[in-house]
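Here are my notes on helix packing and the nonpolar cores. Please read them against the model.

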Amino acid sequence: MDRAEANSIRVAVRVRPFNSRELAETGGSSSAVHCQSSTVFIDEENSSSSKSFSYDHVFSQQHSQQDIFDAAGMRLLENALDAYNGCVFAYGQTGAGKTHSMVGDMSGSEQGLLPRACCKLFEMITERCHKDASFQATVLASYLEIYNEKIFDLVAAGGGGVRGELQIRLHPQLGAIVSGLTECPVQSFSEIDELLNFGAKRRATGATQMNATSSRSHAVFTIQIRMVVTKPGSSVESQARIHFVDLAGSERQKKTGAAGDRLREG
């Protein structure tokens with residue numbers, strides 16, 4: 001695979017099974033969405049025909065969390081260790097499974113893309129350090145949320161439960177940055193796990209008719225990898241960032257029953 005292909009924008013679609021609410025509403029009828037290879041087919045109502053949509057990757061109900069990571073996560077890590085930035089967006093309707101795909105169950109077989117990528121990253125760094133004694137890498141992590149168009153640090157220890165709003169600044173070398181955002185050095189997946197759990201408890205969630213724990217904010221978990229290759233008389237420094245973005249649900253007010261603060265959040 002050439003570098004141009006490896007760094008292009010790619011789109012993946014995941015189709016989840018019915019949840020308990022949908023099973024009750026449909027009476028257990030079959031899904032109108034079918035997957036084949038990299039194409040999604042949607043049956044039209046009162047018609048024998050169907051519409052088809054093709055993407056770079058299509059994941060059906062039979063695909064596992066590991067399948068998602070193999071297709072979308074490994075490419076990011078390989079590019080990052082070559083000093084290329086990467087980003088993954090999880091977008092979809094409230095209750096579509098964005099947070100499950102991105103984070104999942106941190107302690108079980110249903111780990112999402114983010115924890116699998118972090119765990120694999122440290123394995124790849126350790127392996128490379130063993131093969132190349134001149135290579136060193138430092139990993140930093142940050143976690144923020146965008147709630148009602150305001151930015152908050154999810155890992156900063158705010159006194160009295162009060163969170164300070166952060167601002168976006170323009171850095172002459174780095175471009176747009178979030179001023180004052182906490183960047184924590186991490187040396188293992190367990191330390192990242194602690195940050196994710198701490199930040200998840202502070203993230204804004206709320207109940208709608210479609211999801212009892214709907215994410216009401218955009219969350220961005222960023223891993224920064226700083227690499228140094230030491231050579232006789234000199235050293236080469238490089239860095240890369242990987243952003244994991246779990247967007248707030250895209251929703252219809254009629255279906256979610258959102259009102260007041262919930263409606264403004266959506």
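1. A term to start with: axes here are lines fitted to C-alpha atoms, for helices over the stretch in contact, and angles run from 0 to 180 degrees between N-to-C directions. The model is predicted.

2. Take the helix pair. Helix α3 (residues 65-80) packs with helix α5 (residues 113-131) at an angle of about 50°. Their axes are 9 Å apart. The angle therefore makes α3 oblique to α5. The crossing of α3 past α5 is right-handed.

3. Which residues make the contact? From α3 come Gln-65, Gln-66, Ile-68, Phe-69, Gly-73, Met-74, Leu-77 and Glu-78. From α5 come Leu-113, Arg-116, Ala-117, Lys-120, Leu-121 and Met-124. By type, the contact of α3 with α5 has 8 nonpolar, 3 polar and 3 charged residues.

4. Now the cores. The largest nonpolar core holds 39 residues. Leu-77, Leu-121, Phe-221, Ile-223 and Phe-244 have the most contacts inside it. Two or more residues each come from α3, β6 (86-90), α5, β7 (135-147), β11 (184-186), α6 (189-202), β14 (218-231) and β15 (234-246). The largest share, 8 residues, is from α5.

5. Phe-244 deserves a look. Leaving aside neighbours within four places in sequence, Phe-244 contacts Val-88, Met-102, Leu-113, Leu-114, Ala-117, Ala-219, Val-220, Phe-221 and Ile-223. Leu-113 and Ala-117, among these partners, are also part of the contact of α3 with α5.

6. There is a second, separate core of 7 residues. Its members include Ile-151, Leu-166, Val-220 and Leu-247. Val-220 is also one of the contacts of Phe-244.

Note on methods. Residues numbered from 1 in each chain as written. Predicted model: local features only at pLDDT ≥ 70, side-chain atom pairs only at ≥ 80, totals over all residues. Heavy atoms only, no water. Helix = DSSP H or I, 4+ residues; strand = E, 2+ residues; numbered from the N terminus. Parallel < 35°, antiparallel > 145°, perpendicular 65-115°, else oblique. Left-handed = near helix turned anticlockwise from the far one by under 90°. Contact = heavy atoms within 4.5 Å. Nonpolar A, V, L, I, M, F, W, Y, C, P; charged D, E, K, R; others polar. Core = buried A, V, L, I, M, F, W, Y, C linked by side-chain atoms within 4.5 Å. Buried < 20%, exposed > 50% of the residue type's maximum accessible area, 1.4 Å probe, protein only.
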